[in-house]
Amino acid sequence: DGGIFSSGWSFGLQPNDRQSLLVFKCDSNLNQQFIKLYSVSQVNNHFGAEVVETPDKGFIIIGTRQVGNPPDFSNALVIKVDSAGNLVFWKEIEHNGDTTELYLTGITKSGVTNYIAVGRRIFNPQVGPGWERSWVVGIDGQGNVLWSKAYAENERSGWSSITPSHDGNFYACGYERDF
């Protein structure tokens, strides 16, 4: 509709308040249509990263939920809201035994009803090297993971965003570092 939709997070008003995932939409004249906060726990931090519009004019938001106080691990988030900002689904890609932190930071369409999201996986140093890997995930329109793959040449890497190229492939950008 020519407006703007964005996600992020809000800080609590009290010193021990946690962060909630925030979504915001305004029309093409920059009049606010809604601003909403989402969280599934009062003791965890929730972060919204990037958004993509769905064919039904809703939005899929990707991000992260830090679990524990202080955070022990992080789960990746895949959330859908309708065009009015009402929650349709909240799904988490949970860390497993070999990872401690999963972050999704960028998303784009892949076909009509599927999406590709990028971010990073941090591996648990207790079960192997504590490496950080660039991570790419295929997601369907219901937030289900279709496939997942991690990449890295050095000790630490992660992708921040992804965009389609003109030849049907994708470009991802981020960082890579080693010690």
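**Reading strands, burial and loops**

User: In which strand does Ser7 lie?

Analyst: A strand is a DSSP run of E with at least two residues, numbered from the N terminus, while a helix is a run of H or I with at least four. Ser7 lies in strand β1, which covers residues 4-10. This is a predicted model, where local features need pLDDT of at least 70, side-chain atom pairs count only at pLDDT 80 or more, and totals for chains, interfaces and linings use all residues. Residues are numbered from 1 along each chain as its sequence is written, and side-chain values use heavy atoms, with hydrogens and water left out.

User: Is Ser7 buried or exposed?

Analyst: Buried means under 20% relative accessible area, exposed means over 50%, and partly exposed is in between (1.4 Å probe, protein chains only). Ser7 has a relative accessible area of 13%, so Ser7 is buried.

User: Which residues does Ser7 touch?

Analyst: Contact means heavy atoms within 4.5 Å. Leaving out residues up to four places away in sequence, Ser7 touches Leu22, Val23, Gly48, Ala49, Glu50, Val51 and Ile61. The side chain of Ser7 also reaches the backbone oxygen of Ala49 at 3.3 Å.

User: How do I read a sheet, and in what order do its three strands come?

Analyst: Strands of a sheet pair through backbone hydrogen bonds, either parallel or antiparallel. Two strands pair if DSSP finds at least two bridges between them. Here three strands form an open sheet in the order β1-β2-β3, with antiparallel pairing. Strands β1 and β3 (32-38) stand at the edges, each with a single partner strand, so one side of each is left without a neighbour in the sheet. From one strand to the next, the twist averages 15°; axes are lines fitted to C-alpha atoms, for helices over the stretch in contact, and angles run from 0 to 180 degrees between N-to-C directions.

User: How many bridges pair β2 with β3?

Analyst: Strand β2 (residues 20-26) pairs with β3 over six bridges, in the antiparallel sense. Val23 stands opposite Lys36 in β3, and Val23 is one of the residues that Ser7 touches.

User: What about the loop between β2 and β3?

Analyst: Leu30 lies in that loop. Its phi is near 65°, a positive value in a residue other than glycine. Leu30 counts as exposed because its relative accessibility is 60%. Another case is Lys57, in the loop between β4 (45-53) and β5 (59-67). Phi of Lys57 is near 70°, also positive in a residue other than glycine, and Lys57 counts as exposed at 51% relative accessibility.

User: Which strands does β9 pair with?

Analyst: Strand β9 (residues 114-123) pairs with β8 (residues 99-110) over ten bridges, in the antiparallel sense. Leu104 stands opposite Gly119 in β9. The hairpin of β8 and β9 has three residues between the strands, and Gly111 takes a positive phi near 90° there. Eight bridges join β9 to β10 (residues 132-139), and these two run antiparallel. Ala117 stands opposite Val137 in β10.

User: How many residues of β9 are buried?

Analyst: Eight of its ten residues are buried, which leaves β9 mostly covered.

User: How many disulfides are there?

Analyst: A disulfide is a pair of cysteine sulfur atoms within 2.5 Å. By this rule the count is zero. As for individual cysteines, Cys26 has 4% relative accessibility and so counts as buried, while Cys173, at 42%, counts as partly exposed.

Methods. Polar contact = N/O pair within 3.5 Å; in protein donor to acceptor, adjacent residues only side chain to side chain.
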